[in-house]
Amino acid sequence: MRPQWILAAVSTALFCVQIDYFAMNLALPRMAADLESNATDLQWVISVYMLALGAFMVPAGRIGDIFGRRRALLAGIAIFGLASALCAVAPSAALVIAFRAVQGVGAALIFPVSVSVLTNTFPAVRAGRAIGLAYGIAGLGNAAGPLVGGLLTQTLGWRWIFWLLVPLTLVAFVIGVLTVPESSDDTVPRHIDVTGLALITIGIGLFTLTFDRAPAWGWLSPSTVIAFVGALAVLGVFVHVERRVRWPLLDLSLFGNARFTVLVIAGTIANIAYAVTIYLSTLNLQQVRGLDPLMAGLTFLGPSIGAALGGPLSGRLAAKYPPLLVMGVGCVAAAVSLAALAVSRGWVVYVVALTACGFAMGLAYAFTTVATQAVVRPERAGEAAGVALTSLVTLAGVGVAVSGTMLEVLRRAEMSTGAGITVIFLVLAAALLPAAGAVLAFRRREGK
């Protein structure tokens, strides 16, 4: 077993998942024209992927713990790669959307299980660095997505975004088959809490659907209210069930781990800021600064490099410094970078600030995963990763939906698109500061 090859398999799979989501945004108008649909309807290409990803991550992490992490990871890579090929050849918008849902299920298996594979493969001292490096490479996908999406859409066509993923997932799968060892949680029987699985999948799916569709339905429309109340009710039943079953899908005592909870909350706020920054920056570059998709994508080279550096650094910092201290300082750095981006006007300052955002927020995102793994037992690694990543990814999607609505409200108040984006960035920067303060205050109280 060569650990570097295991890391290569995991990193490649994570990169595919990350680049897939962020590359698609710039492709929607061209896709709508080719498939004789409209960009509004094809927003489901993004939405259904997020729905499937958010709904299945907690179950996927625990399934890997129970039935084997190697088996679950390889299944996720295979599903994701096959669905990518099907998206590439799909003749209609409806089939693209359906195959995107399958892609989301594959991605849900890859995300948390890859983290638990690294946690249980590497010694504790090296696991944090390995996870950080994997997420640094995956972070390239976050910020390089717009570049790749714009370049391929404008040259070869949007279908090549999906074709690009096929050989990458094949490489990850082959390396994984040859190198990844099997591991699982030996403290529990090979049995899945089916009721809990159904409830959490439906509950998180409804929650994600509510905020994704609310801008189109209306935030106070009957559809939005019913979906939101339904999500809360189903998740409430899930908590009730999990407290009573002998072998729960999710051990709720995980939330009694104060350090885990604080890290997840702070990391989630930082990742909301990250997702909104990428989303609104693509609008700013095209609608305000007048760039075409290709040039807008090229501008993201800076944050791509920043995110790639932030991931590996997160692992090194986790090995040397208290997790809460790193998270607190990281949130402060993210707030300062975002504020600088909001007020920048010239190109040089703008690109530098955007790069700093990629670095600081990419660091906070990767560090959340690294640090939460360090404060839970290794046998529950998949479960912890599933919970942390569900919060990070699902609520980031909520943040993007809310920011889109906020921008529309500001436009209706006769504020320009550029000014509206500035206001939203400053609000997010302000939100990061109390998050940093709370983390640092908790650290002083805990003395860690």
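**Pockets**

I began with the lining of the largest pocket: H15 gives the largest share, twelve residues. Helices here are DSSP runs of H or I with at least four residues, strands are E runs of at least two, and both are numbered from the N terminus. This is a predicted model, so I noted the limits: local features need pLDDT of at least 70, side-chain atom pairs count only at pLDDT 80 or more, and totals for chains, interfaces and linings use all residues. Residues are numbered from 1 along each chain as its sequence is written, and side-chain values use heavy atoms, with hydrogens and water left out.

I wrote down the search rule next. On a 1 Å grid over the protein atoms alone, a pocket is an open set of points with protein on both sides within 12 Å along at least five of seven lines; a cavity is a set where a 1.4 Å probe fits but cannot get out; lining residues have an atom within 4 Å of a point. Points are joined across faces, edges and corners, and a volume is the space filled by probe spheres set on them.

The largest pocket has a volume of about 1100 Å³. I found 38 residues in its lining, with Asn25, Gln43, Tyr279, Val400 and Gly404 closest to the centre. H1, helix H2 (28-34), H3, helix H8 (194-217), H10 and H15 each give two or more residues to this lining. I sorted the lining by class: 21 nonpolar, twelve polar and five charged. Nonpolar covers Ala, Val, Leu, Ile, Met, Phe, Trp, Tyr, Cys and Pro; charged covers Asp, Glu, Lys and Arg; the others, Gly among them, are polar.

The second largest pocket holds about 490 Å³. Its lining has 20 residues, and Ile204, Phe255, Val387, Thr390 and Ser391 lie nearest the centre. H8, helix H9 (222-242), H10 and H15 each give two or more of them.

**Cavities**

I got two cavities of 30 Å³ or more. The largest cavity has a volume of about 210 Å³. Of its 18 lining residues, Gln18, Tyr21, Phe22, Asn271 and Val393 lie nearest the centre. Helix H1 (3-24), helix H3 (44-67), helix H10 (258-288) and helix H15 (381-412) each supply at least two residues of this lining. The lining of the largest cavity has 14 nonpolar, four polar and no charged residues.

**Cysteines**

How many disulfides does the structure hold? I found zero, taking a pair of cysteine sulfur atoms within 2.5 Å as the test. The sulfur of Cys16 is 13 Å from the closest cysteine sulfur, in Cys87, so it is too far for a bond. Cys357 is in no disulfide either; the nearest cysteine sulfur, that of Cys331, is 13 Å away. Cys16 is buried at 0% relative accessible area, and Cys357 is buried at 1%. My cut-offs were under 20% for buried, over 50% for exposed and partly exposed in between, with a 1.4 Å probe and protein chains only.

**Thr299**

Thr299 is in helix H11 (residues 293-299). I read 12% relative accessibility, so Thr299 counts as buried. Leaving out residues up to four places away in sequence, Thr299 touches Leu285, Leu291, Trp347, Val351 and Leu354; contact means heavy atoms within 4.5 Å.

**Whole chain**

I counted 16 helices and zero strands. Of the 448 residues, 57% count as buried.
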